[in-house]
Amino acid sequence: MNISHRPRRTAWFAIAAGAAIALTGCTADGGDAPTAPVADIPFGATTPAASGPVDSVTWMLPAEPATFDFDIDSGAAENTVFANVCERLMAVQPDLTTVPHLAESAEWVDDTHVVFTIRPDATFHDGSPVTADDVLWSMQRHAAEGADESDEYANVTAMEKTGANEITVTLAQRDAIFIQAMAGNGGMVLNPRVVEAQGESFGAPGTPDACSGPYTLGEWKPGTSLTIEKAENYWDDSREVLASEVVFRWADQSAVVNALTAGEADGSYLDSPASAIPLQSVDSVALAQGPSTNAWVLLATERGALADERIRQALSLALDRAGIAKAAFGDLAEPSKTPIGSGAWGYEHDAFEAAYEALEGAPASPSASDLEAAKKLVAEAGAPDEPIVIASDGGSVRNVVSNALVAAAKSIGLEAEIATIPSAQYGDFYSDADLRGQADLFSDEYYISKNDPVGFYKNGASTASVNFVGFDDPEYDELVTQAFAATDDAERAELAIELQRRWVEATPWVPVTQSPSTVAYSSTLTGLPSSAAYLYYPWAADLGSAQG
Amino acid sequence: MTTALRRLAGMAVTLVVASFIIFAAMYAAPGDPVTFLIGNPENLTPERIAAVRAEYHLDEPLFVQYWLWLSGAVTGDLGTSFQYHQPVAAIMSSRLPATLSLVAYAAVLFTVAGVGLGVWAAVRRGRVADSAVVGVTTLAASVPSFVVGIVLVSFFSVQLGWFPVTGAGEGFADRMHHLTLPAIALSVGALAIVSRVTRQTMVEQFDSEHVEAARSTGLAERLVVLRHVLRNAWGPIITMIALVIASMLAGTVVVESVFGISGIGSLLVDAINTHDFPIVQAVLLYMVVAYMIVTTLVDLLLPLLDPRIGSRVKTS
């Protein structure tokens, strides 16, 4: 599945968390400034390599996992745990590139056929070999109607075993992202014997995992903790597995921060960069950030005030993104020119980076000439008849974003006002046209699971379900089709960059900030990835001791 | 016997009415569970929405949905959580122990401390100790429990490291260790109410004729307080303690969140935010049941302590 939305806390929880941050900020030892400069937190794919193994590590999750049947549902908590337990046909690396894994190769043999060659030496945790039949069975389970990952198989018309170690997938049209998707949960290979033995209860507490990864699922005490243990007979000798056991516990972010500060937990991939603010002054906790695809965006709706793209461009020019990054994330998030984070650059990284640098139209802070240009655009288009309405839910980030948008509108002579929608209802903006009729813009943190900008920019096609404002450019639609057909990375990157340019120009969504993946961990540990790869990559295997 | 039957029937009716009101309120509340059930906005197509609605019977009228729930509930099947995809009963039973032990611990704390302070204030009525107890407990009650919780956590756990920061602990000793700070945070507000009620009812007893009579026989003041004043004051005190406990069973949300405890309160908030109807329904009903059980226990207990209450019921 491309993206998954977890509920956000209600407003008063945000206030409670804020109070907790403020209090722990002043009571924690050392460091008189509550916010240290951004430069103090290293940014990269991974933390420095570990020097040796560790025994047991306690790790905090943002919530208790719901189920480990990924064909039902999955979110950050489930993925963080099972990245270590289950393996996929392909594998995401800490630098967010994709390499073959349980499939030793994946090749397009012609326009509509992909052949996966399954490696012969992999085994499941019960010792049985991972066969092509098991792979086919797993893929069919993921592709089944209603399965959570079935959208990855939307273009697939047939899957067959075409050799002892060979699966051939037939697609209705070329889908350049399909192979990469097999590094996500859609490519997870399950042991059919274990899944079938569990029946309906597969994935619930007390059932074993059905996988082949470096860790096995140990005891899951609902409401308390969950343990994964180093697999005794892991098939891949080339991978050194450092942490021998990880005990997961879960709590709200303020309690996670307290547990890390007190040394009760050894680490956590944080829900939001803002959670790291109070941890900057704690000596025993190290912080690292890395690329992710997550970005806060303002989605324009069909309500009407933003129908003219010049008004959207003007708002984007006038928005103070640096101010938002500071106020909502303590400068631990970055102003963004694009609606997707740099973690999307899973190939041709340099080309994407250069194109990003050259982008215009979404400044970090509006300069006088940006405001001048924005006012000119408004004058050309004519101000909308009614005030622009932006939806907030009273939560801390949405409040800051909404206020900044209102300020941006005012600075260029437009009227704007905030409408508050209950947080429990906010997600309905995606499904409920009547609700969208109440606001011209709503804000959200959007992300994609595959590290390919094409997987995001398809949302600007005139037929895309989340293109609410009705951005319609036949050339853009054609570029999306071409990009999906472009299995050559360099060619696809070129098309993606053109899509990005057109998107930012038309601004169906206004980019706001990028939220880097943020990990907090005990300073006695190191080695783990700091990029968003932790959702699919066995990060615990790399987590070891920091000294001799 | 008939009283007991009538009472049970009354409870059953209350439950059915309460369950329907809860169900209807969830049905009417803003927000669509389908958004969460599908999750990915890019998959929110009208066809998929319709299919998911049908799968979860969300397209049926309110009464049909309620009937489906009720017919399951009477056989003990409270449904399956939308979010956890597990039976609601299994999730409830994994969360209840933490909340119940938290409330029990807090109840012991505020009962012992509250009654103790109340008695002390009553005996010393009009003097410094009295004003101090009233003043301090009132001040404590005016601080929200989450603020108390955050202060306790940052000082005793994070700073001094005396208590664990998160979780409910396993085994008796570990659980007591984990729940001490949460129980204190939860009981601070109740302390004021219980000590005030204790003080007030005792002060009234002090002025009554039977206490004067007891004193005139030359009974020691300590025994006057124990046998005549406190004994006659128990009724209102116990009623108040029970009501506070009943409201605590439904009000642990904030403290659970601050202390990272997976209890019923945090389960309810999550379930409301994700429109996990079967869980919301079950948790709110548990709160109704808990309230009924506590008040029934008090009704049964009071006549034992004060025979006048039982006889009054019989004659009227």
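**Helix packing, sheets and chain contact**

User: How do the axes of helix α5 (residues 88-123) and helix α8 (residues 172-206) of chain B cross?

Analyst: The axes of α5(B) and α8(B) cross at roughly 35 degrees and come within 5 Å. Their crossing is right-handed, and the contact residues divide into 21 nonpolar, 7 polar and 2 charged. Axes are lines fitted to C-alpha atoms, for helices over the stretch in contact, with angles from 0 to 180 degrees between N-to-C directions. Right-handed means that the near helix is turned clockwise from the far one by less than a right angle, and left-handed anticlockwise. Nonpolar covers Ala, Val, Leu, Ile, Met, Phe, Trp, Tyr, Cys and Pro, charged covers Asp, Glu, Lys and Arg, and polar covers the others, including Gly.

User: And the numbering and the origin of the model?

Analyst: Residues are numbered from 1 along each chain as its sequence is written, while chains are lettered from A and ligands numbered from 1 in the order in which they are written. This is a predicted model, in which local features need pLDDT of at least 70, side-chain atom pairs count only at pLDDT 80 or more, and totals for chains, interfaces and linings use all residues.

User: Which way do α8(B) and α10(B) run relative to each other?

Analyst: They are roughly antiparallel to each other, a term for angles over 145 degrees. The axes of α8(B) and α10(B) (residues 221-249) cross at roughly 160 degrees and come within 9 Å. This crossing is right-handed. Among the residues that make the contact are L186(B), A190(B) and F206(B) of α8(B), and V229(B), P236(B) and M248(B) of α10(B). By class, the contact has 16 nonpolar, 4 polar and no charged residues. Contact here requires C-beta atoms, placed from the backbone, within 7 Å of each other.

User: How many helices and strands are in chain B overall?

Analyst: Chain B has 14 helices and 0 strands. These elements are DSSP runs numbered from the N terminus, with helices being H or I of at least four residues and strands E of at least two. The C-alpha trace of chain B spans about 85 × 60 × 35 Å along its principal axes. Among the contacts in chain B with a separation of 6 or more, 71% join residues 24 or more positions apart.

User: How much of chain B counts as buried?

Analyst: The share is 41% of its 316 residues. Buried means 20 or more other C-beta atoms within 10 Å of a residue's own, exposed means 12 or fewer, and partly exposed lies in between, with C-beta atoms placed from the backbone.

User: Is helix α12 of chain B mostly covered or open, and what covers its buried residues?

Analyst: Helix α12(B) (residues 264-273) is mostly covered, with 10 of its 10 residues buried. The cover includes α12 of chain A, together with α5, α11 (253-258) and α13 (277-305) of chain B. Just after α12(B), H275(B) takes a positive phi of about 55 degrees.

User: How many residues of chain A are in contact with chain B?

Analyst: In this pairing, 47 residues of chain A are in contact with 46 residues of chain B. On the chain A side, α1 (11-27), α6 (253-261) and α12 (423-426) each supply at least two residues. The most comes from α1(A), with 7 residues. By class, the side of chain A that touches chain B has 21 nonpolar, 18 polar and 8 charged residues.

User: What is the strand order in the open sheet of chain A?

Analyst: The 7 strands have the order β8-β9-β10-β1-β11-β19-β12, with mixed pairing. Strands β8 (215-221) and β12 (285-290) stand at the edges with a single partner strand each, so one side of each has no neighbour in the sheet. Neighbouring strands are turned by 20 degrees against each other on average, direction ignored. Within chain A, β9 (residues 225-230) and β10 (residues 243-250) pair in the antiparallel sense over 4 bridges, and I228(A) stands opposite V246(A). Strands pair if DSSP finds at least two bridges between them.

User: Which strands does β7(A) run antiparallel to?

Analyst: Strand β7 (residues 166-171) of chain A is joined by 5 bridges to β5 (residues 113-118) of chain A, running antiparallel. It is also joined by 6 bridges to β6 (residues 156-163) of chain A, again antiparallel. The bridge partner of V114(A) in β7(A) is V169(A), and that of A158(A) is T170(A). A hairpin joins β6(A) to β7(A) through 2 residues.

User: Last topic: why does E357(A) count as exposed?

Analyst: E357(A) counts as exposed because it has 8 C-beta neighbours inside 10 Å. The residue is found in helix α9 (residues 349-358) of chain A.

Technical notes. Contact = placed C-beta atoms within 7 Å. Parallel < 35°, antiparallel > 145°, perpendicular 65-115°, else oblique.
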